[in-house]
Amino acid sequence: MNTSIKILIVAALAVTVVAAVALKKGKPVTYSSAATPTVTATAASPDTANTAAVANAKLPKLLDLGATKCIPCKMMAPILAELKKEYAGRMNVEFIDVWENEGAGKQYGVEMIPTQIFFDATGKELFRHVGFYGREDILGKWKELGVDLGGNNPVGIVRETPVAADTRPREQVCFMCDGDVNAKSRTVVKGQAEQRVLCSPHCYFIYFSSIVGADLKAEDAKVNVADWSSGNLVAAPSATYLYGMDAKGRATVRAFADKDAAIKEQQANPGNLVTWDVLRSKELATRCAFCDRAVYPEDACAVKFGTTRGYDCCTHCAMGVAARLKQNIEVEAKDGLTGELIRVKTLDGQIAALEPATTVAWFGQKKGADGKWVSAGCFKQGFFVSEDNLKKWLDARPPMTGRQITIAQALADKMKLTPEQIAKACKLGECK
Ligand SMILES: [Zn+2]
Ligand SMILES: [Zn+2]
């Protein structure tokens, strides 16, 4: 690297990590000098042969000026490689290392890296962006610039009407998770106007953690749980709970009106006997880092931000952590069908890494009273390692409606939310 180039790392702001690197130059270089780049300008780049082909092909070009050792540049590399492959013959994608090739940095008037320059097919500069730039944003920008790259982005699966209606009686469908209601673990919240049926005390606590400004005493007075032995409803605070664990390490909760019956059950199914208050503190111990709902870590996505680890109730909430905390996050999600591990890393509110790259998201949506499509809730969202897995998952859910989206879109949807919308996320009657 030429010693005349001094590299200054722009202090990463606590709020938005502007991970671009400044190239301090002796004299200022204006951007206009890069308006008409020529092929020879990049003669020293490792991509020379390809560059020559670029000029002949007369294709739009995405030029990324960076360095192999700068962190945001490194994170751009797989995105550029993917675009280069996917849009071969329709867009040229080129990378120039300006630490190795100082001339190119000057030629294009680059002051910070990475810098991406968008050229039309005639070589005219249309736009430039400084800093990390995600795949979806790059493609979106081309569209905005009016450059048609010949859509290779299939819409994916869209299901506006259910394949088959859900014919289960309402009282047999859990208000929270849509699962079947087991008569032995049924939990009922008696409101003034209507009652809500939940499949289990666990879904009740998810419900409870979704109420804005819940009054504990008032809410407790409304809850009834089925006695595990008889199926009869009893006031939740009066029951004894056998809190055990299934083979997968997931909590099991059985309610008993009669403590002796609970002790008897404990011999067959080991666990701790706890009161409603203790059960509540256990159930509310782990919360979604985005929407604050109660979660079981075994069911949740794991999210890492800085040195902190948290959990999310669903894959889409996991993306929301980047928006809520304005931090870069790393998510470990599970394929909705097979449980296969999916890893997502974000940088500056964009997807920086996705494993496997074929991962797609399902955004469960339903039509609201006003005819507009709204989120169908956390239980109807998911990530899948392939579109094939998503198809199989949907085949098993005929009443499901919604659409397939990219992981970048799932993140972008969350990044658009205002702080007020984030505060109301997943809250009953507030989640829009
Ligand atoms: Zn449920
Ligand atoms: Zn959540």
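Q: Does Arg293 count as buried or exposed?
A: This is a predicted model: local features need pLDDT of at least 70, side-chain atom pairs count only at pLDDT 80 or more, and totals for chains, interfaces and linings use all residues. Residues are numbered from 1 along each chain as its sequence is written, while chains are lettered from A and ligands numbered from 1 in the order in which they are written. A residue is buried with 20 or more other C-beta atoms within 10 Å of its own, exposed with 12 or fewer, and partly exposed in between, with C-beta atoms placed from the backbone. Arg293 has 25 such neighbours, so it counts as buried.

Q: Where is the place of Arg293?
A: Helices (H or I, at least four residues) and strands (E, at least two) are DSSP runs, numbered from the N terminus. Helix α8 covers 276-283 and strand β16 covers 301-305. Arg293 sits in the loop between α8 and β16.

Q: How far apart in space are Arg293 and Cys313, C-alpha to C-alpha?
A: Two residues are in contact if their C-beta atoms, placed from the backbone, lie within 7 Å. Setting aside neighbours within four places in sequence, Arg293 has contacts that include Cys313, Cys288 and Cys426. Arg293 and Cys313 are 20 residues apart in sequence, yet their C-alpha distance is 6.9 Å.

Q: What is the phi of Asp292?
A: Asp292 lies in the loop between α8 and β16. It has 18 C-beta neighbours inside 10 Å, so it counts as partly exposed. Most residues other than glycine have a negative phi. Asp292 is not a glycine, but its phi is positive, at about 75°.

Q: Which residue stands opposite Val225 in β12?
A: Strand β11 covers residues 223-226. It pairs with β12 in the antiparallel sense over three bridges. Opposite Val225 stands Val234.

Q: Which residue in β14 is the bridge partner of Leu242?
A: Strands β13 (residues 240-245) and β14 (residues 251-256) run antiparallel and are joined by six bridges. Their hairpin has five residues between the strands, where Gly249 takes a positive phi near 85°. The partner of Leu242 is Arg254.

Q: Are α9 and α11 parallel or oblique to each other?
A: The axes of α9 (residues 315-325) and α11 (residues 407-415) come within 8 Å and cross at roughly 50°. Angles under 35 degrees count as roughly parallel, over 145 as roughly antiparallel, 65 to 115 as roughly perpendicular and the rest as oblique. The two helices α9 and α11 are therefore oblique.

Q: What is omega for the cis peptide bond from Glu355 to Pro356?
A: Most peptide bonds are trans. Pro356 lies in the loop between β20 (350-355) and β21 (360-367). The bond from Glu355 to Pro356 is cis, with omega near -10°.

Key. Pairing = 2+ DSSP bridges. Axes fitted to C-alpha atoms, helices over the stretch in contact; angles between N-to-C directions.
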